[in-house]
Amino acid sequence: MCECQPKTWLALRVIYCVGGVLLGILVAVVFGVHFHNRHAAFWGLSSSAFSALSLIQFIYLYNRRHVKGVSPHGAVLCLFGTAGSIAIAIGIGGIGTYLGLGIIDSKSDNEPSLPHSHYVVCVWCFMTFKWGVTLYWNALQAFRQLSTVTGYTPISGKYS
């Protein structure tokens with residue numbers, strides 16, 4: 001594990017999340033306007049939204065831990081964890097759906113071109129899944145740190 005400063009980790013995470021937001025918006029514009037693939041455009045925007053939520057989560061956790069020196073609120077962590085769980089669920093559902101549609105379309109005679117393919121949409125469903133895992137994992141790590149430091153239990157919402 002790298003012994004980097006918290007500001008270095010925050011900068012790397014911010015660059016990673018901002019890149020995800022910009023790439024998702026770019027995909028939505030390119031596939032929505034130029035290629036008329038509304039499904040890829042929707043999933044690109046979905047990936048961008050969850051990337052933006054991850055960016056907000058990283059900044060929130062950094063601000064609470066390192067700037068203010070206090071633990072994050074358990075209710076806010078629950079919201080981030082729930083958003084991550086929802087992104088994981090819809091990402092897995094989208095991957096399965098569009099992978100199945102891609103397999104069915106590839107067996108027909110009129111195979112669509114790559115920009116209109118269901119496999120491209122499947123990639124962006126995976127990107128949404130990835131941001132959901134990022135949200136959920138970071139919320140879980142913050143919960144563990146919160147319960148270790150303060151004795152907070154997420155189930156009851158009380159301190160022991």
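This is a predicted model: local features need pLDDT of at least 70, side-chain atom pairs count only at pLDDT 80 or more; totals for chains, interfaces and linings use all residues.
Helix 1 spans residues 6-34 and helix 2 spans residues 38-67. Their axes come within 7 Å and cross at roughly 165°. Angles over 145 degrees count as roughly antiparallel, which makes helix 1 roughly antiparallel to helix 2. The crossing of helix 1 past helix 2 is left-handed.

Turning to the aromatic rings, the count comes to five pairs, taking ring centres within 6.5 Å as the rule. One of them joins Phe-31 and Phe-35, whose ring centres are 5.5 Å apart. The planes of these two rings stand at 40°, so the pair is tilted, neither under 30 degrees as for stacked rings nor over 60 as for edge-to-face ones. Phe-31 has 13% relative accessibility and therefore counts as buried, the cut-off being under 20%. Phe-35, with a relative accessible area of 25%, is partly exposed.

Phe-126 and Phe-129 form another pair, with ring centres 5.9 Å apart. Their planes are at 40°, so this pair is tilted as well. Both residues belong to helix 4 (residues 118-150), where they are three residues apart, about one turn of the helix. Phe-126 has a relative accessible area of 43% and so is partly exposed. Phe-129 is also partly exposed, because its relative accessible area is 21%, and the buried class needs a value under 20%.

Note on methods. Residues are numbered from 1 along each chain as its sequence is written. Side-chain values use heavy atoms; hydrogens and water are left out. Axes are lines fitted to C-alpha atoms, for helices over the stretch in contact, and angles run from 0 to 180 degrees between N-to-C directions. Helices (H or I, at least four residues) and strands (E, at least two) are DSSP runs, numbered from the N terminus. Angles under 35 degrees count as roughly parallel, over 145 as roughly antiparallel, 65 to 115 as roughly perpendicular and the rest as oblique. A crossing is left-handed if the near helix is turned anticlockwise from the far one by less than a right angle, and right-handed if clockwise. Rings of Phe, Tyr and Trp (its six-membered ring) pair if their centres lie within 6.5 Å; planes under 30 degrees apart count as stacked, over 60 as edge-to-face and the rest as tilted. Buried means under 20% relative accessible area, exposed over 50%, partly exposed in between (1.4 Å probe, protein chains only).
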